[in-house]
Amino acid sequence: MTIVINMRRGLDKRKLMVAARLIREGKLVAFPTETVYGLGADALNERAVRRIFEAKNRPADNPLIVHIADFEQLKELAQEIPKEAKLLAERFWPGPLTLVLLKAENVPRVTTGGLDAVAVRMPAHEIALALIRLSGKPIAAPSANISGRPSPTTAEHVAEDLYGKIECIVDGGETRIGVESTVIDLTERPPVLLRPGGLPLEDIEAVIGKVRIHPAVFGKKTDVAKAPGMKYRHYAPRAEVIVVEGSRERVEAKIAEVVEELKRKGLRVGVIGRESYGADEFYHLGETVEEVARNLFRALREMDKRGVDVIVAEGVEEKGLGLAVMNRLRKAAGYKIIRV
Ligand code: TXA
Ligand code: MG
């Protein structure tokens, strides 16, 4: 059975105690963060963590992010805390930034997918922070979706994928950022961007200097041992996805052409972007890249509900949050990209 705790009007510590107790008992609790909903369990409890992988149907070698509520907790999770970690944490935590560090002895390998490194972040969400504090545990939490599906930005999305499989869902309304955290590997020199996300790379580089971008970020099939999450198909709705990217005017003309062609073949076509371009179904992603990031996963799920055969997605410029948006879109498309 899954209990749903309504906290849409803000943090209620008395209600949250129920969820915190479940975490202490080794149960699974989905909760909101500023990026997407997480599926949480006690990060140091192997059996609890194993259940996360089962519920999501997640490959065991794809490691989890451990969520903390204050910097002191990092010392129990990481073997050493490099200078860059201190600088970044000071500047961006709580926030959508995940740091990969050498793990301490007591972090189970189930949690890190067998790796010697652990990923840690402090979420900027009052419910998430209170849940970590009330449970007294670091909380391992991947996105609260079935593996391969778009990440959940509402409690309804979580329920679509996991209702009946987990003990509790804390409903804190829609998440603010809408794409997952930025993941930086600090076990390498220079540091490596493993996943673009809610914190722009430009902001990180302003604090610690040049960061190398892992080729997997652009879908290159290289050594993925360091970025295990990158090798799996992701964010994929049931419909086929095609991304059109390039300069704005050319993209607009091309999408209209692609839509017409697909419709001529008798396919039901959905467009996610700024305009409908004559498609059967349309989801307006927004004008700013922040709006596009916030609406992206919802739009992909929505197109499936409307039963389209093909989703044509309008690309955005790869600046700021745009790097994360394009990474998610290209993955959803299985790298079916039209560049104009
Ligand atoms: O915003 C977020 O990060 C959300 C919320 C719930 O915090 N969580 C999330 O978790 O997106 P998940 O599991 O969906 O993505 C975690 C990513 C994966 O790409 C995984 O491979 C990478 O972080 N990761 C985790 N631990 C790692 C490690 N030790 N070394 C390298 N990559 C790691
Ligand atoms: Mg995920």
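**Close-up views of the predicted model**

**View 1. Helix H9 (residues 289–305) packs with helix H10 (residues 322–332) at an angle of about 20 degrees, their axes lying 9 Å apart.** The model is predicted: local features need pLDDT of at least 70 and side-chain atom pairs count only at pLDDT 80 or more, whereas totals for chains, interfaces and linings use all residues. Residues are numbered from 1 along each chain as its sequence is written, while chains are lettered from A and ligands numbered from 1 in the order in which they are written. Helices (H or I, at least four residues) and strands (E, at least two) are DSSP runs, numbered from the N terminus. Axes are lines fitted to C-alpha atoms, for helices over the stretch in contact, and angles run from 0 to 180 degrees between N-to-C directions. H9 and H10 are therefore roughly parallel to each other (under 35 degrees is roughly parallel, over 145 roughly antiparallel, 65 to 115 roughly perpendicular and the rest oblique). Their crossing is left-handed (the near helix is turned anticlockwise from the far one by less than a right angle; clockwise is right-handed). Val289, Val292, Ala293, Leu296 and Leu300 of H9 meet Gly322, Ala324, Val325, Arg328 and Ala332 of H10 (contact requires C-beta atoms, placed from the backbone, within 7 Å). The residues of this contact comprise 8 nonpolar, 1 polar and 1 charged (Ala, Val, Leu, Ile, Met, Phe, Trp, Tyr, Cys and Pro count as nonpolar, Asp, Glu, Lys and Arg as charged, and the others, Gly among them, as polar).

**View 2. Five strands form an open sheet with parallel pairing, in the order S14-S13-S15-S12-S16.** Strand S14 (281–284) and strand S16 (337–339) are at the edges with a single partner strand each, so one side of each has no neighbour in the sheet. Direction ignored, neighbouring strands of this sheet are turned by 20 degrees against each other on average. Strand S12 (residues 240–245) runs parallel to S16 and is joined to it by 3 bridges (two strands pair if DSSP finds at least two bridges between them). Valine 244 has isoleucine 338 of S16 as its bridge partner. H9 packs on this sheet, where it touches strand S13 (269–273), S14 and strand S15 (310–314), and its direction makes about 165 degrees with that of S14.

**View 3. A second open sheet contains 11 strands with mixed pairing, in the order S1-S8-S2-S3-S7-S4-S6-S5-S9-S10-S11.** Its edge strands are strand S1 (3–6) and strand S11 (212–213), each of which pairs on one side only. Strand S2 (residues 29–31) pairs with strand S8 (residues 168–171) in the parallel sense over 2 bridges, and valine 29 has cysteine 168 in S8 as its bridge partner. Helix H2 (residues 46–56) lies across strand S3 (38–42) and strand S7 (139–140), running at about 155 degrees to S3.

**View 4. Strands S9 and S10 form a hairpin with 6 residues between them.** Strand S9 (residues 182–185) and strand S10 (residues 192–195) run antiparallel and are joined by 3 bridges. Within this pairing, isoleucine 184 stands opposite leucine 193 in S10. S10 is also joined to S11 by 2 bridges, and these two strands run parallel. The bridge partner of valine 192 in S11 is arginine 212.

**View 5. Helix H1 (residues 13–24) and helix H5 (residues 126–135) pack with axes 8 Å apart, at an angle of about 55 degrees.** H1 and H5 are therefore oblique to each other. Their crossing is right-handed. H1 contributes Lys13, Leu16, Met17, Ala19, Ala20, Ile23 and Arg24 to the contact, and H5 contributes Ile127, Ala130, Leu131, Leu134 and Ser135. The residues of this contact divide into 9 nonpolar, 1 polar and 2 charged.

**View 6. The axes of helix H4 (residues 83–92) and helix H7 (residues 201–208) come within 10 Å and cross at roughly 125 degrees.** This angle makes H4 oblique to H7. H4 passes H7 in a right-handed crossing. Glu84, Leu87, Leu88 and Arg91 of H4 meet Ile204, Val207 and Ile208 of H7. The residues of the contact comprise 5 nonpolar, no polar and 2 charged.

**View 7. The UniProt annotation "binding site" (unreviewed entry) covers Thr35, His67, Arg121, Ala141 and Ser181.** These residues are spread over 147 residues of sequence yet cluster in space, with a largest C-alpha distance of 12.7 Å. Threonine 35 is found in the loop between S2 and S3. UniProt also lists residues 13–199 under "domain: YrdC-like" (unreviewed entry). Over residues 13–199 the chain is 29% helix and 19% strand, and the end C-alpha atoms are 28 Å apart. UniProt positions are given in the numbering used here, feature names are shortened, and annotations may be inferred rather than shown by experiment.

Methods:
Contact = placed C-beta atoms within 7 Å.
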